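Colleague: Please take a close look at a single part of this model. Walk me through it and its surroundings in one go.

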Amino acid sequence: MSEPLFTPDEQKTFDAGIAELLSHYPPDRKSAAMLPALRLLQSLKGWLPPEGMQQVATKLETTVARAYEVASFYVMYHTQKPGKYVIDVCTNLSCALRGAEGLLTYLEQKLDTKAGTNGPKYFLRETECLASCGTAPCLQINEDHHENLTRAKVDALLEKLS
Ligand code: FES
């Protein structure tokens, strides 16, 4: 028999969290709570495992296909288990003008990976504008934002990742 998705405490947190979310929506519009429900699942498991997607769909009275449709639209939702550190490097115009592509290449060399490749420790990705154009170039590590980057700053950030 496979392990349950949630520990008993996680299941309580999930059930209570979904109930709280649904209290903000009309009973016939439960699926409108999809984004925060996915966020809740991801906060508990670090990604969106299939069994969790099934639970979200059931609670929101919609289909699993609909849950995947929404989740796969947004890069911040992980439908595949990501590496321990998800590093999103903005390579849009402002960041590109301030050296983002060189920084991405530097990260690829330092981490011995290629952008877009998911590994057990790092998932390095190029991403669209992170709304920090005035402080370019920038990146996020597990959604923590870092800006005005230089190679020295990147080195210091990477040193903190165990
Ligand atoms: S272009 Fe990089 S934050 Fe906007």
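Modeller: Helices (H or I, at least four residues) and strands (E, at least two) are DSSP runs, numbered from the N terminus. The expected span of a helix is 1.5 Å times one less than its number of residues. The model is predicted: local features need pLDDT of at least 70, side-chain atom pairs count only at pLDDT 80 or more, and totals for chains, interfaces and linings use all residues. Residue numbers start from 1 along each chain as its sequence is written.

The part I pick is helix α6, residues 100-111. Its twelve residues should span 16 Å at 1.5 Å a residue, and the end C-alpha atoms are 16 Å apart, which agrees.

Now burial. A residue is buried if 20 or more other C-beta atoms lie within 10 Å of its own, exposed if 12 or fewer, and partly exposed in between, with C-beta atoms placed from the backbone. In α6 the buried residues are A100, L103, L104, L107 and L111. They cover an arc of only 100° around the axis, which puts them on the same side of α6. That arc is taken from the directions from the helix axis to the C-beta atoms. An α-helix has 3.6 residues a turn, so residues three or four places apart point the same way. G102, T105 and Q109 are exposed on the other side of α6.

What does the buried side meet? Two residues are in contact if their C-beta atoms, placed from the backbone, lie within 7 Å. The buried residues of α6 pack against β1 (85-90), α5 (93-97), β2 (122-127) and α7 (151-159).

Strands pair if DSSP finds at least two bridges between them. β1 and β3 pair in the antiparallel sense over three bridges.

P137 sits in the loop between β2 and β3 (139-141). P137 counts as buried because it has 29 C-beta neighbours inside 10 Å. Among the residues P137 touches, leaving out those up to four places away in sequence, are A100 and L103.

Finally, the end of the helix. D112 follows α6, and its phi is positive, near 55°.
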